[in-house]
Amino acid sequence: MPSMEPRSCPGCGALIRYDGLCWRCREEQSYREYASLTPGEVEERQRALAEEIRRSQSLGAQAEIALRWLLCCHGTAGQQPQQAALESGCFHFPGLYYRAPAEVGEGLADALLRTEKASEASRLMECLAMQGGDRALAVLLELERSPRPWRAELYVDPSVYAQYGGWTFDREGRRQRLVYEDCYPLKKDASGGETPVQIGRPREDRCPHCGGRMVDMLSLDCRDPRLAFLGLEGIVTAACCPSCICYMEAAYSRYSPAGDCQPLPGKLLLPEVENDVTEEEYRELTSHAFTLGPGPVSPFYGAMREDTGTLGGFANWLQDWSYTPCPDCGRPMVYLAQIPWEAVTKGAEGTLFIEVCPHCHIASMQHQQT
């Protein structure tokens, strides 16, 4: 039985009440282990994962851990585990099917069209969304136009299930991308060098709801060559009230490529709120310097790690995935970045998710926490 006496983590010095590394250092240790695998070693891990799936006809706890790190570090589970999971009827970890071959997509589509159970249809739609091929689009569009009986037991349409895989479609079947394939970690930087990313920049204007000071939560200079993958013009800025964002479904701001940003009127979920961000917390929130990591990482880097700030890739939604509609054009906005509140304010909980409509020059921000 582990001791309850406080002790220091041998990796970072954080106080813990058990022997060994804290959870953050264990995460970093596992990440480095998988990230350092050679292509041959990755293939061997994938082969072992496929054998385990076929042997147990399921995806057990250890297999899920291996799958998580393969996605986080290398961006794919590999074709062998994907085929083994399809044959074994393993559909509860949709990321496994990310960019699976067309024949696996056909198998998922056939299983979806055969099922009569809403719960199985829900899982299969998420898996098919992650596979993301032309067959996935065709089948989900068919089910949107001609719903099966099980649709009455689900909350949303197939086009929303497609969002799980980072895309969606309209009634004419036109595909819309909702995530960027490239991904960069957001790292704290004390060097004082030039950086294309600013997080927590102070503003002079006040929130119309609580009177607290507004903050530019994210500002990106998209003229930096590393951000060319975003396809965005000039400077993109997202501003909100750090106090009221917790009480809103989403906050919106309109940005100008020249660098200006104007918060848009938003609706609170409560009739009245008070500013609960102290001056000390505001100073802390606006005092950190961030930069991009040294190079792009897997699109699942941020989705598979807790408390990790990222630009691009998939989000680590703490509740359901949520692509907010643009208040101007109505289209789902494109996921841009996630900022864990603890990275900018000590003891804060949850994550700020930022999306963008490149057509209307509008950014959205939403808070989630478990």
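Two strands are taken to pair if DSSP finds at least two bridges between them. On that basis, the predicted model contains an open sheet of 8 strands, in the order β11-β10-β16-β15-β14-β13-β5-β12, with antiparallel pairing. Its edge strands are β11 (261-263) and β12 (290-292), each of which pairs on one side only. Ignoring direction, neighbouring strands of this sheet are turned by 25° against each other on average.

Strand β15 (residues 351-357) deserves a visit next. Of its 7 residues, 7 are buried, and the strand is thus described as mostly covered. In a regular strand, side chains alternate between the two faces of the sheet. In β15, T351, F353, E355 and C357 point one way, while L352, I354 and V356 point the other way, and all are buried.

Both partners of β15 can be followed residue by residue. With strand β14 (residues 334-340), β15 pairs in the antiparallel sense over 6 bridges, and P340 stands opposite T351. Strand β16 (residues 362-368) runs antiparallel to β15 and is joined to β15 by 7 bridges; among the residues involved, I354 has M365 in β16 as its bridge partner. β15 and β16 form a hairpin with 4 residues between them, and H361 in the turn has a positive phi of about 60°.

Turning to the helices, two packed helices are described by the angle and the distance between their axes. For helix α5 (residues 102-114) and helix α6 (residues 118-131), the axes come within 9 Å and cross at roughly 160°. That angle makes α5 roughly antiparallel to α6, because angles over 145 degrees fall in this class. The crossing of α5 past α6 is left-handed. On the α5 side, A102, G105, L108, A109, A111 and L112 take part, meeting A121, L124, M125, C127, L128 and Q131 of α6. By class, this contact has 10 nonpolar and 2 polar residues, with no charged ones.

Helix α6 also holds M130. M130 counts as buried because its relative accessibility is 6%, against a cut-off of under 20%. Leaving aside residues up to four places away in sequence, M130 touches P94, G95, Y97, Y98, R99, Y164, G165, F300 and F314. Among these contacts, G95 lies 35 residues from M130 along the chain, and the two C-alpha atoms are separated by 6.1 Å.

Definitions and conventions: Residues numbered from 1 in each chain as written. Predicted model: local features only at pLDDT ≥ 70, side-chain atom pairs only at ≥ 80, totals over all residues. Heavy atoms only, no water. Axes fitted to C-alpha atoms, helices over the stretch in contact; angles between N-to-C directions. Helix = DSSP H or I, 4+ residues; strand = E, 2+ residues; numbered from the N terminus. Parallel < 35°, antiparallel > 145°, perpendicular 65-115°, else oblique. Left-handed = near helix turned anticlockwise from the far one by under 90°. Contact = heavy atoms within 4.5 Å. Nonpolar A, V, L, I, M, F, W, Y, C, P; charged D, E, K, R; others polar. Buried < 20%, exposed > 50% of the residue type's maximum accessible area, 1.4 Å probe, protein only.
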